Amino acid sequence: MDQKNKKLIAAKASLNYVQDGAILGVGTGSTVNELIDLLPTIREKIQAVVSSSAATTARLESLGFEVSMLNSVGDLDVYIDGADEANKHLQLIKGGGGALTREKILAGASRKFVCIIDDSKQVGRLGAFPLPIEVIPMAQSFVARKMVKMRGQPIWREGLVTDNGNHILDIHNLQIPNPLEMETRINQIPGVITVGLFAHRPADVLIVASDNGIRTLGQ
Ligand code: 5RP
C-alpha cells in the first residue's frame, strides 16, 4: 500500500471517534487533508468545527464548512491530527507543517485527541525527526544558542512565517531521552512560543496504518 493510501485508511478510521453533535478540532497536514476530504460524509454529525491553521481553514471552507473560533465553542469533543513521530506512550513530535502552536492549543482543549499516522512515523525514541520550535523572530538567535547548549543543531526554516507571525527553528540531532522533561525545559526559554513535543498532552488514541491495515493504540 502506498503512503497516501495509508493516510487515507488512518483518516477513515478516525471518523469513528466523531459522535453526533460533535465539536470537532481539525489538525494540519497531508494526513489530515485526507480526513478533511471525508468530512462531508459525516457533515450532519458535526455541530462545530475548529481549525488549527489557515491552510486547514481554507480547505474546510472550500468544502462548505463554516469554521468556528475556539473561543466561541469551549472545549472540543475530539481533536484529530497527524504527527511527524509517535512513540509507544503516544507522545509525539509535531510541527513539520509549522502549525504546532495552534495544534497544541487544540490538543490541550480536547477531551479526546486522536492521532492518525502511517507506520513510518512510529519510533522507539523521539528525535530522529528534527524538533520544530516556534519562536518570536527577535529571539531566534538566542533560542538557537540555547539549543546548541542542549547539544541540538538548530536550523532556521528560512522563508516560513507561521500563522502567528513567528519563525520556526528545526532542531536536528537532539537527544530526547525524557520527552516530558525536554518539553518543559524548551518551553521555559524566553522567546519560545512552543516546542513541537507533545508529551504533557500526548494523544489519547493513536491510529497507525500499515500494509496490514489499521492498528489502534490507546482509547
Ligand atoms: C503540522 C503537523 C503535521 O501533523 C505533521 O507534520 C504531519 O504531517 P503529514 O500528515 O503531512 O505527514 O504537525 O504542523
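Arg151 is exposed, with a relative accessible area of 72%. Exposed means over 50% relative accessible area, buried means under 20%, and partly exposed lies in between (1.4 Å probe, protein chains only). This is a predicted model, in which local features need pLDDT of at least 70, side-chain atom pairs count only at pLDDT 80 or more, and totals for chains, interfaces and linings use all residues. Residues are numbered from 1 along each chain as its sequence is written, and side-chain values use heavy atoms, with hydrogens and water left out.

Stay with Arg151 for a moment. It lies in the loop between helix H6 (140-149) and strand S9 (153-156). Helices (H or I, at least four residues) and strands (E, at least two) are DSSP runs, numbered from the N terminus. What is the phi of Arg151? It is positive, about 70 degrees, although Arg151 is not a glycine. Most residues other than glycine have a negative phi.

Asn173 also has a positive phi, near 55 degrees, and is a residue other than glycine. Look for Asn173 in the loop between strand S10 (167-172) and helix H7 (179-187). Its relative accessibility is 52%, so Asn173 counts as exposed.

Now turn to buried residues. Arg157 is found in the loop between S9 and S10. Is Arg157 buried or exposed? Its relative accessible area is 17%, so Arg157 is buried. The side chain of Arg157 makes a polar contact of 2.8 Å with the side chain of Asp170. A polar contact is a pair of N or O atoms within 3.5 Å; within protein, one must be able to donate a hydrogen and the other to accept it, and residues adjacent in sequence count only if both atoms are side-chain atoms.

Asn87 sits in another loop, between strand S5 (85-86) and strand S6 (92-93). Asn87 is buried, at 6% relative accessible area. Its side chain joins that of Gln91 in a polar contact of 2.9 Å.

Ile133 belongs to strand S8 (residues 131-135). Its relative accessibility is 0%, so Ile133 counts as buried. Leu217 is 84 residues from Ile133 along the chain, and their C-alpha atoms are separated by 27 Å.

Next comes the ligand. How many residues surround the ligand? There are 17, and the closest are Ser30, Thr31, Asp84, Gly95 and Lys121. To count as near, a residue needs one of its heavy atoms within 4 Å of the molecule. By class, this shell has two nonpolar, nine polar and six charged residues. Ala, Val, Leu, Ile, Met, Phe, Trp, Tyr, Cys and Pro count as nonpolar, Asp, Glu, Lys and Arg as charged, and the others, Gly among them, as polar.

Ser30, one of the closest, lies in helix H2 (residues 30-38). Ser30 is partly exposed, with a relative accessible area of 41%. Lys7 is 23 residues away along the chain, yet the C-alpha atoms of Ser30 and Lys7 are separated by 7.9 Å.

Which atoms reach the ligand's oxygen atoms? A polar side-chain atom of Thr31 lies 2.5 Å from an oxygen atom of the ligand. For a polar side-chain atom of Asp81, the distance to a ligand oxygen atom is 3.4 Å. Gly82 places a backbone N or O atom 3.4 Å from an oxygen atom of the ligand. Taken alone, the ligand exposes 380 Å², and the protein buries 90% of that. These areas come from the Shrake-Rupley method with a 1.4 Å probe.
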